[in-house]
Each structure stands twice: as C-alpha cells, then as structure tokens.
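The following note concerns side-chain contacts between aromatic rings and between charged groups. Please read the numbered points alongside the sequence and the coordinates.

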Amino acid sequence: MKAIIDKREIDHRAYLRLNLSNDVNFKVINYLNIKKPTLIDGCYLFEYNDDSLTSILNFLEKLFERFQISYVYEKSILDEIENFKKEQKSFEEFSLKAFKIRNNQFDNIAELELMYKDFERIIISAMQRKLYPLQFLSAFHMAYGVNTMNFSVPGAGKTSIVYAAYSYLKSKGVVEKLFVIGPLSSFQAWEKEYLNCFGSKAESFRYSGTDTKKDDKKANLYSNNPAELNLIYFQGVEGLSRDLLAFMGKHKTMLVVDEAHRIKNADGKWGKNITKISQAAKSRVALTGTPIPNGYEDIYNLTKFIYPF
C-alpha cells in the first residue's frame, strides 16, 4: 500500500488529506476510524489546528508503521511541519526567558536586562504609585509575556501590577484600551486604583451594574474614541459578544478577567463566550487567587483564555 498526505482548506477549515492506494484493507480502515475522519472522493480528511497537528501526524505514522505503508508528504505538509517546529522552539525559548524573569534570574541575559531598564524608566515616569520590588517584577513578567496569568493572593496588588504592564505595553503601541471582565464589586476598585496609579481619574465606562441603555453601550463600543477603561460583568459578555469583537478589532485591547476562577468550567457559557472574544485581544490577563480549587483541570479554561487559538 502507498499513501500521499497533503493539506486542503474547506470552508476556512484546515484538513490533512490522506490518499491511500486502492489495495487498502479493512484493518487499515478500522484503524483510521479511530480518529473519525471525513471520507471525500476516496480520501480521508482529518481536521486540524495548531494543537492537534502533531497528534494527527503521530497517529498516521503509527498507522504506516503498523501496516507497512510507504508514504510521502507533499511539500505543503512538510512546510507546515517545519513551521510548527520553528514556532515550538521559539515558544520554548520565550517560556524559558519568562521563567527567568519570574525567578528574577535574568541578570545575565542582555536582551532582558535592556528591556527591564526600559520598563523601569517608563513605569517610573508614567505611574504616580510606587510599586514594591516584587510587584515591579510581576508587572515586568506580565508585560514581557503579554498573555499571562497572575495567581497572587488577595491584597498582593494585582490591579496595580496590571496597570503597570498595561502602561508599558501602551507606550510601545501594543495596546491602547483596557477591558476588564469581573464581578460588579470590582469595578470601583479598578477605577480607584487607576487614580492612585496615574494621578488622574480614569475615563471609564460600565456596561453592567448601571441603568445604561444598550444603545449607549453600543455607542461607546463603536465610538472612534471610546473610554480607556471598560468594565463588564461576566454574564454581560454574551449579549454584546459581537460588539466586543468589533471593539477589539478596531482598538488594540488588553483584556483582563478578574476573579478568573469563575470561567474555569470548560463547558460553561461564561468561559466559552469570554474565550471566544479573547481571540481579538492584543493582550490577555487572567487574575485569581484561587486558580485550581478542585484540581488541575480547573486551569484548562484559563489557559484557553490566554492562548485561545
């Protein structure tokens, strides 16, 4: 038996296409059906994304080895594999540097030392509030990571840390607006901390917990100059999801989920809606002091929020 593997795009979805020779037997077909491929014109199609590509390729190579099938990858797939390996290596290097920052062990990495000095200069100039050394380090870690989670205990200053990271990323043109999804009780704290951090009152807009009409909410979302600080309750996201996507598509946004353990349920409506809109954000931050109250599976949706693709 022989096999050719290439890729196809159907209705904006990516597929690996497996074209087998005519002498394929039922054992091979039964093995293939483990992954439930789609059969079109005698070829087996496996839908994939960045998360599943390696898994499907490993599955196919085990198939070829088990049934002694000679196979050829077309150039499109070889390019995909090579790009994936490069991205994986780049992410591993990035993760190692982020780990070094977290542990304050980057003084021998010139790139990070220069970035830290720049970060320090910008934050000292922009912020009226002085951060404690550990807060400063946490804010630098958040700014470097762009998409991060902070699990500090209550009272550790997570809001100030976010504002420092936001201020730095804003100075670099990465973000320009801040959108916070959280409990109603957090709104006042976010507005108050803005004043304490920057010495001026935030231009803020609350989408929840007020009598604001839906037309006024949409007017701010579609404005050319909307509020800088935007606050919405978890449940309010569903009714405005398309509008929030449009807002983030137009304005470079840092999206923050405060009390993020509330979206830990992977099958929950809140988690799904928020993960969906997070795709349009330029920066994503999850904040909670209780990330895994029931077990490690609780952290899955938080990870999907900061890396939703």
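1. The structure holds 25 aromatic pairs. Rings of Phe, Tyr and Trp (its six-membered ring) are paired if their centres lie within 6.5 Å; planes under 30 degrees apart are called stacked, over 60 edge-to-face and the rest tilted. This is a predicted model, in which local features need pLDDT of at least 70, side-chain atom pairs count only at pLDDT 80 or more, and totals for chains, interfaces and linings use all residues. Residues are numbered from 1 along each chain as its sequence is written, and side-chain values use heavy atoms, with hydrogens and water left out.

2. Phe-91 and Tyr-307 form an edge-to-face pair, with 5.8 Å from centre to centre and 85° between the planes. This pair links distant parts of the chain, 216 residues apart: Phe-91 lies in helix H3 (residues 75-102) and Tyr-307 in the segment after helix H12 (300-306). Helices (H or I, at least four residues) and strands (E, at least two) are DSSP runs, numbered from the N terminus. Phe-91 counts as partly exposed because its relative accessibility is 41%, and Tyr-307 is likewise partly exposed, at 33%. The classes are buried, under 20% relative accessible area; exposed, over 50%; and partly exposed in between (1.4 Å probe, protein chains only).

3. Which geometry describes the aromatic pair of Tyr-163 and Trp-190? The pair is edge-to-face, at 5.5 Å centre to centre and 80° between the planes. Tyr-163 belongs to helix H6 (residues 158-171) and Trp-190 to helix H7 (residues 187-198), so that the pair links distant parts of the chain, 27 residues apart. Tyr-163 is buried, with 0% relative accessibility, and Trp-190 is buried at 1%.

4. One aromatic cluster is formed by Phe-106, Tyr-116, Phe-119, Phe-136, Phe-140 and Tyr-168. Elsewhere, a ring meets a charge: the charged end of Lys-35 sits over the ring of Phe-59, 5.6 Å from its centre. The criterion is NZ of Lys or CZ of Arg within 6 Å of the ring centre and within 35 degrees of the ring normal.

5. How many salt bridges are counted? The count comes to 12, where a salt bridge is a side-chain nitrogen of Lys or Arg within 4 Å of a carboxyl oxygen of Asp or Glu. One of them joins Glu-47 and Arg-13, at 3.8 Å from N to O. Because Glu-47 lies in strand S4 (residues 43-47) and Arg-13 in strand S2 (residues 13-20), the pair ties together parts that are 34 residues apart in sequence. Glu-47 is partly exposed at 43%, as is Arg-13 at 47%.

6. Glu-111 and Lys-97 form a salt bridge whose closest N and O atoms are 2.6 Å apart. Glu-111 is in helix H4 (residues 110-126) and Lys-97 in helix H3, and the pair links these distant parts of the chain, 14 residues apart. Glu-111 is partly exposed, with a relative accessible area of 44%; Lys-97 is partly exposed at 25%.

7. A salt bridge also connects Glu-191 with Arg-206, at 2.7 Å from N to O. Here helix H7, which holds Glu-191, is linked to strand S8 (residues 204-206), which holds Arg-206, the two residues being 15 residues apart. Arg-206 is partly exposed, at 27%.
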